[in-house]
Amino acid sequence: MRYLCITMMLIGFSALSPRADGGAGCPFQCADVDGDGSINDADFALFASCLGEDPQSAPQCDCSDMDGNGQIDLADFALFTLLFQNVSDESPPGCTGALGSTANLTAYRPQHGNGYAPFPRTPVPDNLETDPWLGPGIRINQPGDDDPQGEDDLIELVLDVSPPGAALALHRSSNALRVWTSRTKTPGSEIAFTGDKTSTLPIGPGDSSLTLWVEWTTGFGTAALTVEPPTTSVVKDEILFHAFESIVVALGGENQPTSVPVDPNHGTFLVGIAMYNVGFDVHMFDEDVVGSDGSGEAYNTVVDAIANRQVDKVAIFGYSHGGGSTYDMADRLDINRAGIGVFSILYTSYVDAVGNNSDVDTSMELRRPPSTGYHLNHYQHGSFFEDLSLDGGPVPNSNPPPTGLDIETTPWGATSTHFEVDDFIEVRSLMESTIESNVTR
Amino acid sequence: MTITNIYRMTRRHRLLLVAMCACIASIPAIASDADKASVTTNPETQALLDEFANANDASARESLWEQLRQSDRADRVSLIQQVTLFASDAKSTRAAMVAGAVIKEFDMTGEEVVAALVPMMTADDSALQKQIKGTLAEFEDQSASRPPDFSMYRAIIANELREGRDAPAALVEHMYDVDPSTALLTMMRASQMREPTKLREILWAEHVVSDSIWKSTHGFIERNAVTSQATEQLDQLAHHPSWWARLYVPAVMKRYPALKSATLLEDLQSDQNESVAAAARKLR
């Protein structure tokens with residue numbers, strides 16, 4: 001009925017003279033007269049007030065002359081009704097009434113080497129994709145960064161569109177972000193930004209999906225990528241990236257290799273995955289990659305992050321021999337600081353840590369990791385025939401104060417053995433919450 | 001048993017089968033130097049270790065442990081070898097740690113463990129080799145601030161050389177893999193080198209290369225830079241008459257890739273000593 005009334009009103013305004021540049025100054029999508037990103041009652045009220053006005057003499061009505069014929073008339077009204085409560089990828093004066101496309105961006109958690117293992121390929125949930133902490137994290141990718149197994153600092157981003165072949169573009173909030181169509185930055189595969197917006201993305205006519213790879217080139221902070229029509233700034237979806245300042249290393253116990261899917265009895269890796277899923281840059285290793293002098297792949301990964309990716313915060317945690325390796329790695333990092341760069345070991349954690357001088361080391365690891373800012377310690381004590389006397393123990397200046405938690409003093413851990421201590425939800429939860437409160441992403 | 005069934009068997013079961021066949025055919029398990037790598041599984045001990053690792057309660061483990069103690073009294077070397085074989089195929093943390101428990105609880109010394117494991121170092125089994133290296137590390141006592149102690153190895157190698165035999169190549173290769181510098185100096189002493197100028201040649205080369213590594217590790221030169229003096233010394237060692245001096249070159253290049261020289265590695269690939277040539281080939 002409302003529209004009928006308006007239609008009747010329009011008849012009285014049909015004699016206005018045409019204007020050559022009608023609607024040319026409107027930067028919004030068709031029918032989004034107030035430019036708030038949606039086409040709703042407020043737009044209708046504004047449009048109605050402009051009906052019959054000369055857009056040349058009433059600049060506030062510029063967006064109502066959708067077909068650019070210099071009149072705000074029935075033709076514009078017809079376009080408005082088509083687009084009401086929908087979206088348009090066009091803007092005045094080029095409105096045809098075609099409904100706009102829909103688009104969804106999905107970012108994935110970071111890669112490792114030439115794929116995602118030891119993590120599954122993990123999409124960031126829609127409800128977290130614009131969260132500055134829980135959303136997608138991204139490594140700063142700088143020249144000189146070691147990528148021995150292939151470039152893995154780029155974040156996979158999948159754009160799904162409807163209808164297939166929709167014309168869409170990307171907008172970035174910072175030029176730290178670059179976008180590629182190839183995972184390895186193959187020459188010629190970069191999508192160019194003019195200012196901070198791309199031209200129409202290379203979505204094939206029948207394609208409903210496009211995989212892109214996002215690179216963060218320098219500096220810390222957050223930056224957004226939005227998908228929008230090439231000619232307007234109507235945001236169809238947005239992803240907010242945060243550049244990693246920290247690196248988190250998780251070390252399993254003896255004979256606990258990483259796997260996809262994770263072994264549910266490998267508590268250290270469950271914690272690693274939990275932190276990965278909330279936006280940390282987590283790297284998980286079999287403790288065997290850490291030599292008794294702290295050297296090896298895990299150490300090299302941390303040094304590379306500090307020396308080449310501007311990371312300056314480190315967290316390391318491990319269970320059993322992984323606890324011993326946590327000490328060994330922290331020790332080596334601390335000894336070699338002068339050649340690595342400025343960094344802090346913000347967080348370490350032992351779960352029933354056993355010294356890792358060797359694969360047959362059964363001694364308790366009771367030393368606090370050198371230079372760590374915060375150390376969490378869980379341990380138990382068993383007999384030889386219960387658990388081969390594999391025990392952690394009190395570590396000076398640990399949390400909970402003063403030397404950590406003997407879980408056998410708790411109701412839930414009273415009868416625990418070395419082989420299950422890492423699996424308690426209470427242990428894992430405390431690790432997760434203390435990483436969260438001590439380590440900046 | 002069909003061929004298919006054999007493939008479905010676990011590695012331990014296959015080893016047991018091979019061991020049983022060997023018994024039937026009266027093939028000696030350890031015969032000569034050439035056969036040293038063929039230390040085979042003892043089915044009874046393996047079964048005992050397996051039962052111990054998987055027993056459900058402490059009293060069952062206690063009884064099984066007593067049986068292991070009897071094995072230890074009967075043949076200590078064999079028990080070390082058997083627990084190492086067992087741990088190399090472990091499927092759980094508990095099973096993997098049985099070797100450590102045996103070594104600790106039966107007070108096995110470094111000398112005993114090294115003597116038992118060195119003959120197994122040429123076995124063509126990567127999991128076993130990893131376990132042997134992981135066990136030997138216990139007695140090398142290396143840390144971030146402390147180089148490994150190879151004195152036990154030096155004694156073994158020196159003895160072999162004094163007796164006119166070759167140094168056990170696998171053991172020498174292991175040392176170079178763990179710490180090339182300490183390995184070079186250990187070999188220098190074990191090789192009975194007596195001429196001071198020749199000793200100083202080795203000492204100086206190791207010192208100069210280590211100095212370059214130290215400078216790069218601590219930021220006095222770029223992280224991936226090498227001093228020209230170190231490059232010169234590596235060149236000299238690559239042409240040294242002693243194979244163990246030449247072996248240092250690919251070994252240290254493996255550990256510190258910044259030291260890599262394509263020219264030297266190409267030369268060393270055709271070295272007359274197989275340890276040197278193989279190490280160089282792996283780096284190419």
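What covers the buried residues of α9(A) includes β12 (246-251), α4 (267-276), β14 (313-319), β15 (344-351) and β16 (375-379) of chain A. Here a residue is buried if 20 or more other C-beta atoms lie within 10 Å of its own, exposed if 12 or fewer, and partly exposed in between, with C-beta atoms placed from the backbone. Helices (H or I, at least four residues) and strands (E, at least two) are DSSP runs, numbered from the N terminus.

This is a predicted model, in which local features need pLDDT of at least 70 and side-chain atom pairs count only at pLDDT 80 or more, while totals for chains, interfaces and linings use all residues. Residues are numbered from 1 along each chain as its sequence is written, and chains are lettered from A and ligands numbered from 1 in the order in which they are written.

**Chain A**

The domain assignment, automatic or from a database, divides chain A into domain 1 (2-83), domain 2 (102-242) and domain 3 (246-438). Taken over C-alpha atoms, the centres of domain 1 of chain A and domain 3 of chain A are separated by 65 Å.

In helix α9(A), the buried residues are A:V427, A:M431 and A:I435. They cover an arc of only 65° around the axis, which puts them on the same side of α9(A); the arc is that of the directions from the helix axis to the C-beta atoms. On the other side of α9(A), the residues A:I425, A:S429, A:S433 and A:S437 are exposed.

Strand β14(A) is largely enclosed by the rest of the structure, because seven of its seven residues are buried. From β14(A), A:K313, A:A315, A:F317 and A:Y319 point one way, whereas A:V314, A:I316 and A:G318 point the other way. Two strands pair if DSSP finds at least two bridges between them. β14(A) pairs with β12(A) in the parallel sense over six bridges, and A:A250 stands opposite A:F317. β14(A) also runs parallel to β15(A), joined to that strand by seven bridges; there, A:Y347 in β15(A) is the bridge partner of A:A315.

**Chain B**

Chain B has 16 helices and zero strands. It contains 284 residues, of which 38% count as buried. Two residues are in contact if their C-beta atoms, placed from the backbone, lie within 7 Å. Among the contacts in chain B with a separation of 6 or more, 56% come from residues 24 or more positions apart.

Ten of the 13 residues of α14(B) are buried, so this helix is largely enclosed by the rest of the structure. Among them are B:W244, B:R246, B:Y248 and B:M253. The buried residues of α14(B) pack against α10 (169-178), α11 (180-190), α12 (196-217), α13 (228-238), α15 (262-269) and α16 (274-283) of chain B.

**Contact between the chains**

The contact takes 28 residues from chain A and 29 residues from chain B. On the side of chain A that touches chain B, the elements giving two or more residues are α6 (321-335), α7 (337-340) and α8 (384-387) of chain A. The largest share, four residues, comes from α6(A). The residues of this side of chain A comprise eight nonpolar, twelve polar and eight charged. Ala, Val, Leu, Ile, Met, Phe, Trp, Tyr, Cys and Pro count as nonpolar, Asp, Glu, Lys and Arg as charged, and the others, Gly among them, as polar.
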